[in-house]
Amino acid sequence: MENIAKALPIREIYDVYHGAVLPVLLKDKTTGKNIIWATDEYSTISPTDQILFKEITGGSMMRVRPRIAKSLDAQKDRTKKRAEVFTPSWVCNQMNNAIDDEYLGYAGAFNEEGDRCWTRNLKKVKFGEGKSWQEYVGLTRLEITCGEAPFVTSRYNPTDGTVIAVKDRIGFLDRKLRVVHENADGDEYKAWSMRALESSYGYEFQGDNLLIARINVFLTWFEHWNLKLGETPDVKTARSAANVIAWNFWQMDGLKGVPPQVKKTESGQMTLPGFEQASNSSDTCEEAKECLIYDWRSHCSRTYNSLKSRENGR
């Protein structure tokens, strides 16, 4: 439990930046409001309620906890209702390695795989002819139904809570930031670390998971920055990073490409699809806006569905 508390230090963000960063990480760029809880796990909170700053600070800082810190009953309940299962870090590493091996043209650039573990390669990552470290950092990567974002950043093993040192992390954002660390200094490092954020994406249905994912991504960027530069990002820079994360890690029903929607049951109560049997709900539901994500190179927002349709049409 101590490791988990260190792995998700909501208090740490609050202590460093007070109220400057968390409110940004709570925003839903599609609705213009805050992300919603989208889970019935919390007895005093409706699934349709927005997650408010006051609810995750002060005495309630441990209300939003990683899956491994929840009771077994709560874990089983979430698996049953939302098919929520988390991938061990060593599996995430193997999958990210497979992608990088194909791109780089050789194996073991970042680490050597062992029996449910890995050993970091201490040598600088090499890029062959026709490829560059800048291109690698700018590659668009997306983790679908990202949960706490273990494929993006491995701040801790989601299956046992073990904290992983910054230099040994294997998420695709960790890899981008390692490459920036190896090739850039000073202002160039700052610019390309932000570019690494801008090219990393993920979406999630449940709001508490999404908030954890956003915090993990922010703290990964923060910790790599501190490791490289030996300083804390200023408030303006931290808010800019949080804004990128709020755009790039968004709340969505992945089947429809819209924010989680509510329906009215026959009893007049509000619920989310999946929390009630389909026979107990009507078909009346307020039409949802399609989820927006941001194209940082073109400096404009686009709907996720339009981008998905374009890719499928190729």
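A: Start with pLDDT, the predictor's confidence in each residue, from 0 to 100. This is a predicted model: local features need pLDDT of at least 70, side-chain atom pairs count only at pLDDT 80 or more, and totals for chains, interfaces and linings use all residues. Residues are numbered from 1 along each chain as its sequence is written, and side-chain values use heavy atoms, leaving out hydrogens and water.

Q: What does the protein chain average in pLDDT?
A: The average is 86, and 80% of the residues score at least 70. Over residues 264-270, pLDDT is below 50.

Q: And how many contacts does the model have for residues 276-286?
A: Beyond four places in sequence, 16 contacts (heavy atoms within 4.5 Å), and pLDDT stays under 50 there. Where pLDDT is low, the predicted coordinates should not be read in detail.

Q: New topic. What order do the strands of the open sheet have?
A: The order is 3-4-5, with parallel pairing. Strands (E, at least two residues) and helices (H or I, at least four) are DSSP runs, numbered from the N terminus. Two strands pair if DSSP finds at least two bridges between them.

Q: Which strands are at the edges?
A: Strand 3 (141-143) and strand 5 (249-251), each pairing on one side only.

Q: How many bridges join strand 4 to strand 5?
A: Three. In one of them, Y203 has W250 as its partner in strand 5.

Q: Which residue stands opposite Y294 in strand 9?
A: S301. Strand 8 (residues 292-295) and strand 9 (residues 300-303) run antiparallel, joined by four bridges. They form a hairpin with four residues between them, and H299 in the turn has a positive phi of about 60°.
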